[in-house]
Amino acid sequence: MAEAHVRKQLTRSQLAQLILSQEGKCAACQCKLDFTQKGQVIDEHIVPIFSTPEGVDPNRTENRELRCKPCATKKTSSEAPMRAKVRRIEGENTQADKRERAKEEGRYRPIQGKALVGGGFAGSKRFNGEINWKTPTPTPRWTTEE
Ligand SMILES: [Zn+2]
């Protein structure tokens with residue numbers, strides 16, 4: 001995730017703006033927001049931070065809304081599968097990026113499956129769990145020099 005995408009607290013003026021535009025009601029269920037108790041009003045990001053494109057400020061007022069606690073909880077849990085997916089995709093990108101960089105810097109070299117085994121795959125940090133035991137002739141594996 002980009003570093004700029006950090007959850008920020010609403011400023012007082014942002015909060016005032018939202019209360020006014022929502023007329024003091026929950027953005028989802030329209031119940032009257034309870035400001036008398038702490039933690040009963042949650043400021044949500046309409047487009048979640050994790051899916052905000054780079055260069056866009058997820059904390060801008062137009063992307064914020066106030067919800068009552070039950071509605072905020074509902075929103076957060078409904079986004080959980082998507083959040084997990086984004087994390088997975090980012091992880092894959094990171095691996096691919098690493099490989100691309102290694103290629104550019106000339107650190108990208110094939111490793112024969114046999115060499116992996118010979119190098120002691122069981123305790124090897126290099127072993128990536130992708131050895132196909134059914135392949136009689138090991139296919140070349142690619143790795144980066146760390
Ligand atoms: Zn609500």
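Where pLDDT is low, the predicted coordinates should not be read in detail. The mean pLDDT of the protein is 79, with 71% of its residues reaching 70 or more. Confidence is lowest in helix α4 (residues 113-118), where the mean is 47, and highest in strand β2, where it is 97. Because the model is predicted, local features need pLDDT of at least 70 and side-chain atom pairs count only at pLDDT 80 or more, whereas totals for chains, interfaces and linings use all residues. Residues are numbered from 1 along each chain as its sequence is written.

The secondary structure consists of four helices and four strands, which follow one another from the N terminus in the order α-β-β-α-α-β-α-β; helices (H or I, at least four residues) and strands (E, at least two) are DSSP runs, numbered from the N terminus. Of the 146 residues of the protein, 9% count as buried, a residue being buried if 20 or more other C-beta atoms lie within 10 Å of its own, exposed if 12 or fewer, and partly exposed in between, with C-beta atoms placed from the backbone. Among contacts in the protein with a separation of 6 or more, 66% are accounted for by residues 24 or more positions apart.

Strands β1 (residues 41-45) and β2 run antiparallel and are joined by five bridges, two strands being taken to pair if DSSP finds at least two bridges between them. Within this pairing, glutamate 44 stands opposite glutamate 65 in β2. Strand β2 (residues 64-68) is largely enclosed by the rest of the structure, because four of its five residues are buried. The largest nonpolar core has seven residues, namely Cys26, Ala27, Leu33, Val41, Leu66, Cys68 and Ala72; a nonpolar core is a set of buried Ala, Val, Leu, Ile, Met, Phe, Trp, Tyr and Cys residues joined through C-beta atoms within 7 Å. Beyond four places in sequence, alanine 27 touches Gln22, Glu65, Leu66 and Arg67.

Helix α1 (residues 12-21) lies largely in the open, because none of its 10 residues is buried. Leucine 10, in the segment before α1, is partly exposed, since 15 other C-beta atoms lie within 10 Å. Residues up to four places away in sequence being left aside, leucine 10 touches Leu15, Asp43 and Arg64. The C-alpha atoms of leucine 10 and threonine 61, which are 51 residues apart along the chain, are separated by 8.2 Å.

Most residues other than glycine have a negative phi, and most peptide bonds are trans. Glutamate 23, which lies in that loop, has a positive phi of about 55° although it is not a glycine, and counts as exposed because it has 9 C-beta neighbours inside 10 Å. Glutamine 30, placed in the loop between α1 and β1, has a positive phi of about 65°, although it too is not a glycine; with 12 other C-beta atoms within 10 Å, glutamine 30 is exposed.

Phenylalanine 50 and histidine 5 are 45 residues apart in sequence, yet their C-alpha atoms are 7.6 Å apart in space. Lysine 69 lies in helix α2 (residues 69-78) and is partly exposed, as 15 other C-beta atoms lie within 10 Å. Not counting residues up to four places away in sequence, lysine 69 touches Gly39, Gln40 and Ile42. Lysine 69 and valine 41 are 28 residues apart in sequence and 5.8 Å apart in space, C-alpha to C-alpha.

Conventions:
Contact = placed C-beta atoms within 7 Å. pLDDT = per-residue confidence, 0-100.
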